[in-house]
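Me: I would like to go through this structure with you slowly, one question at a time. Could you show it to me before we start?

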Amino acid sequence: MTIQSAPSFTLLDGTTIPWIAWGNGTGLEDKNAVDCGQLALDSGIRHIDTAQLYKTEKETGEAIAKSSLNRDDVYVTSKLAPDDDEPPIPLDKVVSSVQESIDRLGFVPDLYLLHTPFVAAPGDLKAMWKILEDLKSQGKLKSIGVSNFRPQDLETILDGAKYKPVINQIEFHPYVLVHLQPVLDLQAKHGILTASFGALSPTLRHPTGGPLKPVLERIAERISKVIGKKVDTNTVLLLWTRAQGVVVVTASGNPQRIQGLGEIATLPDLLEEEEVDEITRVGKTIHYRYYTGQMRKDFPAPNLPGE
């Protein structure tokens, strides 16, 4: 069976990135990270998102090797970070830490991110970014980017940057749009794409589903009738995210769910423009962030209801 390729976005360095990634950062056991990664690839996903912190870089390489694909067919993102209980990475350890990622993967990842601005000690962020820039200049890294960066973090590394980050991977969905507006404005100005984790928080994690729930259900019902196949609210939300020009990173250890993601990866644009706008408008009426870590530090949440 030939699997249609998933749409991609073009990054500001001219490379392309598949719009949807299977992430292996949900505490999956080693065996599942390999088997589930292989299943994701064989189901149509062409992008795996891993990180030092997830302890699944080695398994990412193994999953690709076990799949029916060649290494060049798969886009891989990884990230630099100390373990949760460790201090920030000293500048003189960055190069060796990056090399450890490459050694575990068995190749240079297509995209390498600073996992959070707090990977660097206070005052070291700009210098740490320069080290990634130097590695890219030397051909030791390909595309470079960031994750969980607030406006002030982006401004710090953009000042005098040789290479702008191609991506900022953040919690992105309709219920955080108001909070993220300064980040999104800055990224739009510099051509930095957004990658989303937690894209399904409105459907999977919000206590009630909030005001979007009936909207997503109505749209899912319309699309289901049009294509003659059941479409759920998660699919609608993922298609909305793609319509924003945002890369989706979504994780699952459920084989059926993984195969479903493979099917979603190649879906055409099924949302009408008015539906995209409605999801955006309704999403902006509340604020709900599931991952409450770094993004709220010195970056206040908006004064909006949570329901």
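Me: In this predicted model, at what angle do helix 4 and helix 5 pack, and are they parallel or oblique to each other?
Reply: Helix 4 covers residues 125-137 and helix 5 covers residues 151-158, and their axes lie 8 Å apart at an angle of about 60°. An angle under 35 degrees would count as roughly parallel and one of 65 to 115 as roughly perpendicular, and helix 4 and helix 5 are therefore classed as oblique.

Me: Which residues of helix 5 make the contact with helix 4?
Reply: The crossing of these two helices is right-handed. On the side of helix 4, the contact is made by Leu125, Lys126 and Trp129, while helix 5 contributes Asp153, Thr156 and Ile157.

Me: How many nonpolar residues does the contact of helix 4 with helix 5 have?
Reply: Sorted by class, this contact has 2 charged residues and 1 polar residue. The remaining class is the nonpolar one, with 3 residues.

Me: Why do helix 5 and helix 6 count as roughly parallel?
Reply: Helix 6 spans residues 177-190, and its axis comes within 9 Å of that of helix 5. The two axes cross at roughly 25°, and because angles under 35 degrees count as roughly parallel, helix 5 and helix 6 are described as roughly parallel.

Me: Which residues of helix 6 touch helix 5?
Reply: Helix 5 takes part through Pro151, Leu154, Glu155 and Leu158. By class, the contact has 6 nonpolar, 2 polar and 1 charged residues. The partners from helix 6 are Pro182, Val183, Leu186, Gln187 and His190.

Key:
Residues numbered from 1 in each chain as written. Predicted model: local features only at pLDDT ≥ 70, side-chain atom pairs only at ≥ 80, totals over all residues. Heavy atoms only, no water. Axes fitted to C-alpha atoms, helices over the stretch in contact; angles between N-to-C directions. Helix = DSSP H or I, 4+ residues; strand = E, 2+ residues; numbered from the N terminus. Parallel < 35°, antiparallel > 145°, perpendicular 65-115°, else oblique. Left-handed = near helix turned anticlockwise from the far one by under 90°. Contact = heavy atoms within 4.5 Å. Nonpolar A, V, L, I, M, F, W, Y, C, P; charged D, E, K, R; others polar.
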